[in-house]
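This briefing covers strand pairing, nonpolar cores and salt bridges. The sequence and structure come first.

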Amino acid sequence: MPDIQPDQSMQQIQEQRIRLPKLRDRITTATHAASWIEDGMTIGMSGFTRAGDAKVVPLAIAERAKTEKLKISLMTGASLGNDVDKTLTEAGAMSRRMPFQADPTLRAAINRGEIMYVDQHLSETVEQLRTRQINAIDIAIIEAIAITEDGAIIPTTSVGNSASFAILADQVIIEINLTQSLELEGLHDIFIPKHRPRREPVPIMAVSDRIGSTAISIPPEKIVAIVITQKTDSASTILPPDEETAQIASHLVNFFKEEVRDGRLSNNLMPLQAGIGTIANAVMMGFIDSPFEHLTMYSEVLQDSTFDLFDAGKLDFASGSSITLSAQKSNDVFQDIAKYKDRLILRPQEISNHPEVIRRLGLIAINTALEADIYGNINSTHVLGTHMMNGIGGSGDFARNAYLSVFATKSIAKGGKISSIVPMVTHVDHTEHDVDIIVTEIGLADLRGLAPRERAQKIIQNCVAEPYKAMLFAYLREAEVRGGHTPHVLEKAYAWHSRYRETGTMLETLEHLKAAA
């Protein structure tokens with residue numbers, strides 16, 4: 001619901017939301033604000049997994065692109081909502097996109113080669129901007145709940161890369177969103193690392209540590225336009241837990257119980273990180289009925305499960321870079337955000353994903369895989385090795401540096417026509433060296449301390465559904481005859497993928513079995 005009263009005048013709204021009086025004469029329309037954008041510019045937009053994204057100026061840019069030559073390179077925190085990527089793509093307004101996306105229309109254009117997509121670890125984008133390794137930001141478009149008395153920007157439901165975009169851009173356009181509650185003020189913790197090589201450590205020693213300011217400080221004269229909006233964040237598209245995701249969660253909970261029993265973890269575990277999506281959210285929901293208490297979370301996206309864990313009394317504190325919720329959960333949470341506010345922090349994504357902090361805090365990182373192979377390599381991004389799905393996001397930041405790196409996936413897809421565990425992944429996002437645990441609804445493989453041949457046995461036995469389990473054991477036996485530290489039958493390593501492309505299933509047909517014999 002809009003955070004305004006029916007009897008409030010526009011003057012009162014402006015006084016609440018734009019507290020530096022000299023900026024109020026920069027209020028304008030989205031169309032006029034979009035006129036600052038020129039062909040060939042690099043634009044940085046707020047938004048992280050459908051939360052806190054710029055909502056109306058991007059659509060005005062798309063309208064201009066329908067009638068004039070106007071193409072931009074677009075950087076964000078992560079994916080956008082409100083069909084912004086779709087609309088810009090359909091208008092032909094985008095030439096380059098980074099570092100993450102999740103829109104089907106944009107994805108199709110990327111896979112046709114029409115838009116150049118730079119898939120990047122989410123902690124790295126502003127580091128490259130800061131050191132001028134990639135094109136500088138010309139204009140930043142940032143959603144805010146308000147502008148402070150000294151011209152600082154108070155973000156909405158995400159921080160993402162917004163702070164660095166605003167700091168590094170030549171000019172800034174602000175979207176003041178009246179649907180976003182002023183109660184969000186004070187939730188954010190804006191900390192910007194200093195330049196190398198004399199950079200100081202990031203002084204986060206606990207999930208709840210605040211180390212920065214509550215707003216993004218920039219020179220007010222950089223703000224060239226302010227647009228008043230009343231469009232809400234897009235709701236999360238995650239699905240509720242099902243039988244398979246509940247089994248995955250159960251396997252993980254049982255594993256953590258064993259870790260506690262053996263003295264490697266305490267009953268409050270270590271800080272948790274969960275990737276975006278249905279499986280990761282469902283796994284986190286599994287902690288509600290677990291024996292673990294006083295949990296903490298240091299993650300990117302705070303999803304429905306974060307607030308369910310709060311409400312169940314299981315979670316003490318959560319730090320993230322955005323809050324992305326389903327429609328009903330969003331309504332429940334943001335109507336009573338004061339209930340949670342003193343247990344939440346939203347940080348820039350280079351801090352939420354910072355390797356130094358992840359390693360210091362000892363995170364348990366739980367992310368999802370498109371496919372895994374028998375040695376523990378993970379493909380998170382590419383279908384059949386060539387076609388981009390969404391992107392690596394922050395999973396690499398966490399997997400490489402976590403205390404425990406967990407990858408979860410359902411064992412089969414497409415009604416059993418695809419096995420998620422294959423002889424060799426067609427694209428490697430996370431090598432076997434960064435993967436400690438693989439878990440499916442079939443079971444869990446603890447890969448710590450195992451050599452490749454041992455890893456293969458454990459993964460196939462514990463994580464693979466029949467008849468793919470028998471097929472993988474047969475492949476492994478043939479590979480081991482040929483020898484090697486990591487045995488493979490190279491001419492058959494991608495036979496399953498080729499068979500799926502040709503026949504619509506990875507399963508061996510009678511003809512394939514006869515040929516093999």
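**Strands, cores and salt bridges**

E2 and strand E3 (residues 94-98) run parallel, joined by 4 bridges; two strands pair if DSSP finds at least two bridges between them. Helices (H or I, at least four residues) and strands (E, at least two) are DSSP runs, numbered from the N terminus. The model is predicted: local features need pLDDT of at least 70, side-chain atom pairs count only at pLDDT 80 or more, and totals for chains, interfaces and linings use all residues. Residues are numbered from 1 along each chain as its sequence is written, and side-chain values use heavy atoms, with hydrogens and water left out.

**Parallel strands**
- Arg96 in E3 is the bridge partner of Ser73.
- Between E2 and E3 the chain passes through helix H4 (residues 84-90), in a right-handed β-α-β crossover; right-handed means that, with the strands pointing away from the viewer, the path from the first strand over the helix to the second runs clockwise.
- Strand E1 (residues 42-45) also pairs with E2 in the parallel sense, over 3 bridges, and Gly44 has Met75 in E2 as its bridge partner.
- The crossover from E1 to E2 goes through helix H3 (residues 57-65) and is right-handed.
- In a regular strand, side chains alternate between the two faces of the sheet.
- In E2 (residues 72-75), Ile72 and Leu74 on one side and Ser73 and Met75 on the other are all buried (under 20% relative accessible area; exposed is over 50%, partly exposed in between; 1.4 Å probe, protein chains only).

**Nonpolar cores**
- A nonpolar core is a set of buried Ala, Val, Leu, Ile, Met, Phe, Trp, Tyr and Cys residues joined through side-chain atoms within 4.5 Å.
- The largest core has 73 residues, of which Ile174, Phe256, Phe287 and Leu344 touch the most other members.
- Strand E5 (residues 139-147) gives the most to this core, 6 residues.
- A second, separate core of 40 residues includes Val56, Ala60, Ile141 and Ala225.

**Salt bridges**
- There are 28 salt bridges, each a side-chain nitrogen of Lys or Arg within 4 Å of a carboxyl oxygen of Asp or Glu.
- Asp233 bridges to Lys55, with the closest N and O atoms 2.7 Å apart.
- These partners lie 178 residues apart, Asp233 in the loop between strand E8 (223-229) and helix H8 (243-261) and Lys55 in the loop between E1 and H3.
- Lys55 is buried, at 0% relative accessible area.
- Arg482 and Glu491 form a salt bridge at 2.4 Å, N to O; Arg482 is partly exposed at 47%, while Glu491 is exposed at 54%.
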